[in-house]
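Open the model in a viewer and keep the selection panel at hand.

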Amino acid sequence: MLPRELMAASAEPLVLSLLGKGESYGYAMIQEIAVRSKQQLEWTEGMLYPVLHRMEKRGLIAAEWRVVESGRKRKYYRLKPKGQRALEASRGQWSTVTSLLNGLGDEPAT
Amino acid sequence: MNLPPDAEARLAAWRDGLRREGITARQTLDELESHVRERAGDRMEQGMEAGAAVDVAIALLGAPEELRQEFSRVGTDRRFTHVAAMGLGLGVAALLVLWLCLPQLGLRHRWMHSVQGSGNMVCIVVFPLVLGWTIYHAAAWRGQLAQGGNAHAWATTSLRVSIWITGAAGLLWWSAAMDWIASLLFTYLLLAALGAQAAALAGLLRYTKRRLRPDAIAVATLMATVISAAWTSWPTRILFRFSRASLEALATQVEAGQAIEGPVWVGGFRIARTEKRVENGGGGTCLWVMPSAGGPSGLVRRGLADRDEPGWNINRRIRLDERWYYVSED
């Protein structure tokens, strides 16, 4: 399991990345992250929704209620242009951190 | 997947708990409930009993208090702006209060005398708006307007309360007899309610996606009610219709020389003092609701022999029928 701070810091970039692939809803996002991270990153389920609402308020994502085949209501989120730009910026930042970590890790200890 | 009644009851109880905790936005509650249903549905497909599946799904979502804390952080990312706006509101409010208090403190300069009347009026009109502004930013600063938090509770409640206060103040203003102090107080109440309403509307527009149609209809209905009351004095007329028989009986008593002792309810009017006036052409029997020495207000029945309408130093006169008037003297 990842530390809480890292999970909190990565929540928005991960939501942006997930929605970058296509629209989705809260429960599906939680499931997908758990599967893709091989259960290493399991969000506290209630934590995701305030994050989504904050991102919606900041204009990064948009939401829409839909009724699916089972008759159940779901709130679908999708990326807005501002969110797309934030996703690209975020990927660059995380890439820098990852490269730095890997680079430092590959160097022999002095 | 449909849940059995006992599982539905657990879900409803959990939803009520969230609402009591302060997560009152319907869309947020719907979204969280949708999540619990998805999670419980998956568990039930794996063979778990429905009630237990709902309990597990609720537990995984987190405690209501934790959820509220998470949601309360949404919308508070502009804290400094709210603090600055709140400070500005308080500063302006303090200046307005100082202005109104300066004569009492003996600090008003000569130049202020020339604008005293209009200055006071500006203070009275602006103060509620400043109050609304400050309340709104204070609530936003404390995270009470956070989407999914108390936003709907705060904004909709204050909006509706202010609508009804405005309505009540408006109706009283145009239907009841009041001296100038009461009139001023009601004007102030009305303006304060409008200020709170403006703040609540701003909160709704900025922090929620709530549809404003019901409130817009309420505001339009209210305005139409107040304007029609002002235009036709229908509340007074309705009250008069219902009270007419009793008023006629009392007026006849007064004409016969029997004055009443102390305030009495006559139909829907509280008559505080009675009086018979005999004047050239325009006398009448007065049933004063507000017996202010400076200028009473109340019902007047014109004498059968009187040719003219009551024309004393009248501030306001409503003709109720052939003989009855509602008058306010200056």
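A cavity here is a set of grid points where a 1.4 Å probe fits but cannot get out, and its volume is the space filled by probe spheres set on those points. The model is predicted. By that definition, the structure holds one cavity of 30 Å³ or more. The space in the largest cavity comes to about 50 Å³.

**Stop 1: the cavity lining**

Two or more lining residues come from each of α2 (26–36) and β3 (73–79) of chain A and from α2 of chain B. Colour α2(B) separately: with four residues, α2(B) makes the largest share of the lining. Coloured by class, the lining shows three nonpolar, three polar and four charged residues.

**Stop 2: a salt bridge between lining residues**

Keep Lys75(A) and Glu31(B) on screen; they form a salt bridge in which the closest N and O atoms are 3.9 Å apart. Lys75(A) belongs to strand β3 of chain A and Glu31(B) to helix α2 of chain B, so this pair joins two chains. Over all chains, the structure holds 24 salt bridges.

**Stop 3: the whole interface**

Now widen the selection to both sides of the interface: 24 residues of chain B are in contact with 21 residues of chain A. Between them the two chains bury about 2,300 Å², with 50% of that area on carbon and sulfur atoms. Which three residues supply more than any other three of the area that chain B buries against chain A? Select Glu31(B), His35(B) and Glu38(B), which supply 28% of it.

**Stop 4: polar and charged pairs across the interface**

Five salt bridges are found across the interface of chain B and chain A. For one more named pair, show the side chains of Glu38(B) and Arg72(A), which meet in a salt bridge at 3.4 Å, N to O.

To finish, show chain B by element: α2 (26–45), α3 (50–61) and α4 (64–72) each supply at least two residues of the side that touches chain A. The most come from α2(B), with 11 residues. By class, this side of chain B has eight nonpolar, six polar and 10 charged residues.

Note on methods:
Residues are numbered from 1 along each chain as its sequence is written. Chains are lettered from A and ligands numbered from 1 in the order in which they are written. This is a predicted model: local features need pLDDT of at least 70, side-chain atom pairs count only at pLDDT 80 or more; totals for chains, interfaces and linings use all residues. Side-chain values use heavy atoms; hydrogens and water are left out. Contact means heavy atoms within 4.5 Å. Buried area is the accessible area (1.4 Å probe) that two parts lose on being put together, summed over both. A salt bridge is a side-chain nitrogen of Lys or Arg within 4 Å of a carboxyl oxygen of Asp or Glu. Ala, Val, Leu, Ile, Met, Phe, Trp, Tyr, Cys and Pro count as nonpolar, Asp, Glu, Lys and Arg as charged, and the others, Gly among them, as polar. On a 1 Å grid over the protein atoms alone, a cavity is a set of points where a 1.4 Å probe fits but cannot get out, and a pocket is an open set with protein on both sides within 12 Å along at least five of seven lines; lining residues have an atom within 4 Å of a point.
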